[in-house]
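Dear colleague,

I am passing on the structure below, and after it you will find a short account of what came out of going through it. Please read the two side by side.

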Amino acid sequence: MLTETATTNAETDLSIENFRISDEDLPEFKDLKFENINELHLDHPGANDKEYRARRDYIASLSKNFRMTGEITDVDYNAREQRVWRYVAEELEELQQKYASPFYLRAKKDLGIRTDRIPQLTEMNRRLKELTGFRLAPIEGLVETRGFLSWLSYRVMLCTQYIRHHSQPAYTPEPDIVHEAIGHIPMFTNPNFADYSQFVGHGARIANDRQLEELGRLYWFTVEFGLVEHEGDIKAYGAGLLSSFGELEHAFSDQVERRRFDLEEVINHEYTYSDMQPVLYVIPSYAELKEVTKKYIESFGGK
Ligand SMILES: [Fe+2]
């Protein structure tokens, strides 16, 4: 549990700035219980590929081990998996040079995320811990919103380790190492973004069901599909955009309305998970996103 150095009232007290979570502060990973963790769906491109299923199951079993030991196991990715990564990472790198937030591009380099090999969670975890105290914890599939977001309150991001099916390298219906390492992980090196994520995590722990839905939408339009102003321009920082060529190009096309971020509007904006987004929100800065979110979460007790 959180110690006094963090806060004496972990559930409601948000008067914390950049607090560090030490190893002793973390709940036991073996207590990481979820109502259900998504198995591979029938509409997954690898659903009928026995070899792929066995590989995904094996990599998922390493995540299960993590919960018992607290130690991340590196994956010995095979040549086919490395090829999938190289193809997607190279294509994305080119598009990102044009559309990605400059902070993100620097962070990716800083974490050693390259196009020629799949990065290991252990390496990225080490660097992240040094920079913002954020950590990565392997997980074997999508989990429910409250369970997933709550871990952010400990500055922990749950990450999958397996990779998408080689028949459709541009597409995955579930998070995979491409989505995590190219989409999510670099942004956690930003102190404001890391704090923001932690506030969302605190929110998830104390939210009623309606507030949890609002938080889900806030997460979607920021962490997954967020845009940010940069020197009079608009850039992408959301993982759903940065890890998909289709989404990234679409975000900057004239089919998308790019609105100025308004928290009240965002938390009430219903979206369809499977469609391309017709409306996206542009934050003025990560610091501002953090500040408005902090106030919003602080209001939870009184609502
Ligand atoms: Fe994601």
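Helix α7 is mostly covered, with twelve of its 16 residues buried, and this in a model that is predicted. The buried residues of α7 include Phe-193, Tyr-196, Phe-199 and Val-200, and among them are also Asp-195, Gln-198 and His-202 as well as Gly-201 and Gly-203. As for what lies over them, the cover of the buried residues of α7 includes α4 (121-132), α5 (145-150), α8 (209-224) and α12 (286-298). The helix itself runs over residues 191-206 and reaches 23 Å from its first C-alpha to its last, which is close to the 22 Å expected at 1.5 Å a residue.

Helix α3, which spans residues 102-110, has Tyr-104, Ala-107 and Lys-108 buried. These three lie on the same side of α3, because they cover an arc of only 100° around its axis. In general, an α-helix has 3.6 residues a turn, so residues three or four places apart point the same way. The cover over the buried residues of α3 includes α9 (239-242), and α3 is followed by Gly-112, whose phi is positive, near 75°.

Turning to the whole protein, there are twelve helices and six strands, and buried residues make up 41% of its 303 residues. Of the contacts with a separation of 6 or more, 66% are between residues 24 or more positions apart.

With best wishes

Technical notes
Residues are numbered from 1 along each chain as its sequence is written. This is a predicted model: local features need pLDDT of at least 70, side-chain atom pairs count only at pLDDT 80 or more; totals for chains, interfaces and linings use all residues. Helices (H or I, at least four residues) and strands (E, at least two) are DSSP runs, numbered from the N terminus. A residue is buried if 20 or more other C-beta atoms lie within 10 Å of its own, exposed if 12 or fewer, and partly exposed in between; C-beta atoms are placed from the backbone. Two residues are in contact if their C-beta atoms, placed from the backbone, lie within 7 Å. The arc is that of the directions from the helix axis to the C-beta atoms. The expected span of a helix is 1.5 Å times one less than its number of residues.
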